[in-house]
Amino acid sequence: MDNQKLVVAVSSRALFNLDESHAIFETHGKEAFCRYQIEHENEILPPGFGFSLVKKFLDINKAFPGAPLVEIILLSQNSADTGLRIFNSINHYELAISRAAFTSGVSPYEYIPAFGAHLFLSANGEDVRKALAAGYAAATIVSGTVANPSPQLRIAFDGDAVLFSDESERIYQQHGLAAFAANERNEAHRPLSDGPLKEFLSALHRIQTHFDQELSPIRTALVTARAAPAHERVVRTLRAWGIRIDEALFLGGMPKGAFLKAFGADIFFDDQKGHCDSAESHQIAAAHVPNGITNQNRS
């Protein structure tokens, strides 16, 4: 496999709006769901929360004349039989997706390493938690919006428990802000450990290196509740990784939504649902990364 290619796996419910058929599954069971999908397999599905993101990813390949820089894989709990409607819709929208795994009701996360996926984006929170527990990058897409009209793909990340480990967040949660700030000052020159989406960011960076910075089809941002002096360790960590981040916003606890709107984010990844809600309130697509101590403490 080409190590330079970014591979993103998406679930069928992240790509398309399957609310109607999913409601049938929840209310009447698997057999009724299968019958419904087969009876409606020639009806095109409307876009889901992740549709515009997937389209922008695939459009990157049009901007680069060489081998494809991005591949989208479909990972679905549908069966191959009921999945025919999914591929009919993929063909209708002219999405260049040809590889898929249909698992007939079983969580498909175990196919993430086989496909070499850098990220699994799903609407099923349980599948995402299983993927993260197995050590794979994954996020639950919880909201969507009309795509940013700019052709440039803009992706924003939280820091702790997303790009970085939750080691510092644990100190904050267990001992408070003063202990957190003191630790970050003392450890400013020691890079943070990798978080679940670090390799995804690294793959985005590799794509960016194929283009002049001002012409890159991807722009990234770090949007974190950290503030000075806790910013220094973050900057030094990214430097140690050799990864460029285009914009870094250190908000000191301010709500993130307005800043994500100003950045023009196509999607924002955060470990805290409250920050995802802030993004949604400003019509920014958000993806929850249920990782780290904050999610262990969830009720």
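Biologist: A salt bridge here is a side-chain nitrogen of Lys or Arg within 4 Å of a carboxyl oxygen of Asp or Glu; what does the count of salt bridges come to by this rule?

Modeller: The count is 20 salt bridges. This is a predicted model, in which local features need pLDDT of at least 70 and side-chain atom pairs count only at pLDDT 80 or more, while totals for chains, interfaces and linings use all residues. Residues are numbered from 1 along each chain as its sequence is written, and side-chain values use heavy atoms, with hydrogens and water left out.

Biologist: Which residues are linked in a network of salt bridges?

Modeller: The network joins D160, E167, E184, E187, R190, R226 and R233. Within it, R226 and D160 form a salt bridge whose closest N and O atoms are 2.9 Å apart. That pair links distant parts of the chain, 66 residues apart, with R226 in the loop between β7 (218-224) and α11 (231-241) and D160 in the loop between β6 (153-157) and α8 (167-175). Helices (H or I, at least four residues) and strands (E, at least two) are DSSP runs, numbered from the N terminus.

Biologist: And R226, buried or exposed?

Modeller: R226 is buried, at a relative accessible area of 4%, and D160 also counts as buried, at 6%. Buried means under 20% relative accessible area, exposed over 50% and partly exposed in between, with a 1.4 Å probe and protein chains only.

Biologist: What about E167, which side chain does it meet in a salt bridge?

Modeller: E167 meets R190, at 3.2 Å from N to O. Because E167 lies in helix α8 and R190 in the loop between α9 (177-186) and α10 (198-208), the pair ties together parts that are 23 residues apart in sequence. E167 is partly exposed, with a relative accessible area of 21%, and R190 is partly exposed at 39%.

Biologist: Where does R233 come in, and which side chain does it meet?

Modeller: R233 forms a salt bridge with E184, at 3.1 Å from N to O, and both R233 and E184 are buried.

Biologist: Switching to α7, which of its residues are buried?

Modeller: In helix α7 (residues 125-133), the buried ones are G125, D127, V128, A131 and L132. They lie on the same side of α7 because they cover an arc of only 160 degrees around the axis, the arc being that of the directions from the helix axis to the C-beta atoms. These buried residues pack against α6 (112-115), β4 (119-122) and β5 (138-143), where contact means heavy atoms within 4.5 Å.

Biologist: D127 is buried yet has no salt bridge, which side chain of opposite charge is nearest?

Modeller: The nearest is K130, 5.1 Å away; Lys and Arg count as positive and Asp and Glu as negative, with His and the chain ends not counted. The D127 side chain does make a polar contact of 2.8 Å with the side chain of Q77 and another of 2.8 Å with the side chain of S107. A polar contact is a pair of N or O atoms within 3.5 Å; within protein, one must be able to donate a hydrogen and the other to accept it, and residues adjacent in sequence count only if both atoms are side-chain atoms.

Biologist: What caps the N-terminal end of α7?

Modeller: N124 does, with a side-chain oxygen 3.0 Å from the backbone nitrogen of E126. Just after α7, G135 takes a positive phi of about 95 degrees.
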